[in-house]
Amino acid sequence: MKPVNDAMNNRTSSRFDYQSLVNEIVRDPEVAAFIEEHQLNAEEIKRSISNFSQFISERELYQRGQGSYLSKGYQPILIMNQGYADVSYKETTELIAAERAKEIRNRVHLLNLPNSLRGISLQDVDPDDRWGTIQELTRYLLNYPQDSKGFYLYGDFGIGKTYLLAALANDLARHKEVETTLLHFPTFVLDLKNGFDEKTYHRQLNQVKGVPVLMIDDIGAEVFTPWLRDEVLQIILQHRMQERLPTFFSSNLSFDELQVRMAQGRAGDETWQATRIMERMRFLAKEIHVPGQNRRN
Ligand code: ADP
Ligand code: MG
C-alpha cells in the first residue's frame, strides 16, 4: 500500500491516477467493511479518503512492529468522527497486560533481594512437603485485610522461605493491590550501620516501619548487637504492633532459638530485653515451621 501514499503526496499525479488510488483504497477489506458498517455515501467516502489512506499505512507499520508516532502497543483503528472516517489508536491487549504487570511490580519493593523473585505466585509454587505453609499463606491472601497477624516462617537453609514470602507479596500486589516491602534483613542492618548518621538512620527506619506490609527476610542471620535489637527492631515492631500493620519474617531459627540469640547483650545476659522483643514478634506473627529439602542445588 505504500505506493498509495507516495502517489497521494505527489502533486503532479493526474486525475486518472487519483481515481484508481481511491478505488484501491475503498477495496481494502477493512476500509470496505467500515464503509459498509457506517453506510457512508459518496460524499462521506470522498472526505474520508486521506484518513483511510493514513489508516492503511499506519496499519502496515503496526503489523511490521514499527508503530509510527505512537508506540508499538497501539493498534490503529477506524472510527467515525463528525461525518467522516478518522484514525484512532487503541491499546492492544499486550500493552494493557504489560501496564498491569508494571503496576504489580511497582507494588513490590525488594530491598537487597534478587529480581527473580518477581512474578512468582503461590499458585505455581511447587508444594513439595510445604502444603501446610502454602495453605496458610493462601488463606491469608484470601482474607486480606481481615487478619492482621502475619507469619514467621522458619526452617533450614534453602527450603524456599524467601521464595514463599515473595510469592505472597506478588499475589497481594496482584489480587489485593497492596504494597509490600520485602527486605533482606542482614543487608539492611549493614546498610543502616554503614551509612550511619542520625538523619539517614531515621529516614531508613521511617521508610520501613510504616509500609503497608513488611516482610523481614532472614532475621537471625545478621550480625547481632543489642543496638540492633533495641534501636532498630524494637522501634519497627513497636510501631507495627500499635498500627496493626501486617508483618512477616523468615528465619533459620525458631522463636525460642531467636530469643536465646536476642538475649546476648553487652552485660552478658539480657533476658528481659530479649523477652520484650520476642513478645512483639509473637504478637505480630504466627510461627510456622517449614519442612523440606535444600533446593539450592
Ligand atoms: P530459603 O529462603 O529458605 O533459604 P529460598 O527461598 O532462597 O530458600 O529458596 C532456595 C532456592 O530454591 C532458590 O533458588 C529458589 O528460587 C528455589 N525455590 C524455592 N522454592 C521453590 C519452588 N517452589 N519452586 C521452584 N524453585 C524454588
Ligand atoms: Mg532466604
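Select helices α9 and α10 in this predicted model: α9 passes α10 in a right-handed crossing. Helix α9 covers residues 198–209, and its axis lies 9 Å from that of α10, at an angle of about 40°. That angle makes α9 oblique to α10. To display the contact, show the side chains of Y201, L205, V208 and K209 on α9, together with W227, E231, V232, I235, I236, H239 and R240 on α10. By class, seven of these residues are nonpolar, one is polar and three are charged.

On the α8 side, select F185, F188, V189, L192 and K193; on the α10 side, select W227, L228, V232, L233 and I236. This contact comprises nine nonpolar residues, one charged residue and no polar residue.

Helix α10, residues 226–242, lies across β6 and β7 (247–251), and runs at about 150° to β6. Colour the whole sheet: it is open, has six strands in the order β3-β5-β6-β7-β4-β10, and its pairing is parallel. The edges are β3 (108–111) and β10 (285–289); each has a single partner strand, so one side of each is left without a neighbour in the sheet. From one strand to the next, the twist averages 15°.

Within the sheet, select β5 (residues 180–184) and β6 (residues 213–217), which run parallel and are joined by five bridges.

Now look for aromatic rings; the model contains 10 aromatic pairs. Among them, select Y152 and F249, a tilted pair with 6.0 Å centre to centre and 50° between the planes. Y152 belongs to strand β4 and F249 to strand β7; the pair links distant parts of the chain, 97 residues apart.

Move to helices α6 (residues 131–143) and α7 (residues 161–176), whose axes come within 10 Å and cross at roughly 25°. The two helices are therefore roughly parallel to each other. Here α6 passes α7 in a right-handed crossing. Show T133, I134, L137, Y140, L141 and L142 of α6 with L164, L168, D171, L172, H175 and K176 of α7, the residues that make the contact. The contact of α6 with α7 contains eight nonpolar, two polar and two charged residues.

The last stop is strands β1 and β2. Select β1 (residues 74–81) and β2 (residues 84–91), which pair in the antiparallel sense over eight bridges. Which residue in β2 stands opposite L78? It is V87. Finally, centre the view on the turn: β1 and β2 form a hairpin with two residues between them. Q82 lies in this turn and has a positive phi of about 50°.

Terms used:
Residues numbered from 1 in each chain as written. Chains lettered and ligands numbered in written order. Predicted model: local features only at pLDDT ≥ 70, side-chain atom pairs only at ≥ 80, totals over all residues. Heavy atoms only, no water. Axes fitted to C-alpha atoms, helices over the stretch in contact; angles between N-to-C directions. Helix = DSSP H or I, 4+ residues; strand = E, 2+ residues; numbered from the N terminus. Parallel < 35°, antiparallel > 145°, perpendicular 65-115°, else oblique. Left-handed = near helix turned anticlockwise from the far one by under 90°. Contact = heavy atoms within 4.5 Å. Nonpolar A, V, L, I, M, F, W, Y, C, P; charged D, E, K, R; others polar. Pairing = 2+ DSSP bridges. Phe/Tyr/Trp six-rings, centres within 6.5 Å; stacked < 30°, edge-to-face > 60°.
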